[in-house]
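I opened my notebook to look up a few surface and ring features in this structure. Here is what I wrote down, entry by entry.

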Amino acid sequence: MLDQIPYLPYILSAFIGIGLAAATGFRVFLPMFAVSLASYFQWIPTHETFEWLSGLPALITTGIATLAEILAYYIPFIDNFLDTVSVPLATIAGSILFASQFADLGTFPQWGLALIAGGGTAATISTGFAGIWAASTATTGGLGNSVVGTTETAGSGIMAVLAMIAPIIAVFLAIVTLVVIIILGKKAYRKLKKGKEISNNMT
């Protein structure tokens, strides 16, 4: 019955791509490491264009980068710097992982979709967390950043795994995450802006 659904492979590929892109919005390298690990052990198929992801060099590199990224978010000042540069990096990583699911398309539609759907999803989530991170730093003096960092890491890992084994659930959670992050991000930004206005009025 499922085989009779028009364009089902492309729909599933889109779900996987969006799920992986959402995961990069939480953490840049963790989803790439998850895909590289799964590809290396042949748990998931890899198109020849993206065979580099299934190689041992990519696995080692993304593994080291993932560990460094996770640990760095628990170091004061460095965590804020990483959150600042995470948006463009997440956009790139999200676009790459989304594009890896549409390697059979032509170059223009492949990367066009990747930038819009993959990069857009990753950038939105990453930007929302940047606002939450800034508010956490301003209101807790950085004490609450470890909680935010742990949440991001857990969210990235869960989303990456679900994208590969349960893409329909992953895309549903990605949509929910986008809505929640946008709402929380706006609230955090308003709270931060209000705090700055009060500070300026006092001076």
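**Entry 1: the nonpolar patch.** I looked up the surface and found a nonpolar patch of about 650 Å², made by Tyr-40, Phe-41, Trp-43, Leu-56, Ile-60 and Ile-64. Patch residues have over 30% relative accessible area and no salt bridge, with like charges joined within 9 Å and nonpolar side chains (Val, Leu, Ile, Met, Phe, Trp, Tyr) within 5 Å. A salt bridge is a side-chain nitrogen of Lys or Arg within 4 Å of a carboxyl oxygen of Asp or Glu. Areas come from the Shrake-Rupley method with a 1.4 Å probe, and for residues only the protein chains shown count as cover.

I must note that this is a predicted model, where local features need pLDDT of at least 70 and side-chain atom pairs count only at pLDDT 80 or more, while totals for chains, interfaces and linings use all residues. Residues are numbered from 1 along each chain as its sequence is written, and side-chain values use heavy atoms, leaving out hydrogens and water.

**Entry 2: where the patch sits.** Helix H3 (residues 56–72) gives the largest share of the patch, three residues. Helices (H or I, at least four residues) and strands (E, at least two) are DSSP runs, numbered from the N terminus. I found Trp-43 in the loop between helix H2 (29–40) and H3.

Entry 3: Is Trp-43 buried or exposed? Trp-43 is exposed, because its relative accessible area is 59% (buried is under 20%, exposed over 50%, partly exposed in between). Tyr-40 is partly exposed at 35%, and Phe-41 is partly exposed at 45%.

**Entry 4: ring pairs.** I searched the whole structure and got five aromatic pairs. Tyr-40 and Phe-41 form one that is edge-to-face, with 5.2 Å centre to centre and 90° between the planes. Rings of Phe, Tyr and Trp (its six-membered ring) pair if their centres lie within 6.5 Å; planes under 30 degrees apart count as stacked, over 60 as edge-to-face and the rest as tilted. Phe-98 and Phe-102 have ring centres 5.2 Å apart and planes at 20°, so that pair is stacked. Phe-98 is buried at 2% relative accessibility, and Phe-102 is buried at 6%. Ring pairs also link Tyr-10 with Phe-98 and Phe-102 into a cluster.

**Entry 5: the whole protein.** I counted seven helices and zero strands. Buried residues make up 42% of the 203 residues.

Definitions and conventions. Buried means under 20% relative accessible area, exposed over 50%, partly exposed in between (1.4 Å probe, protein chains only).
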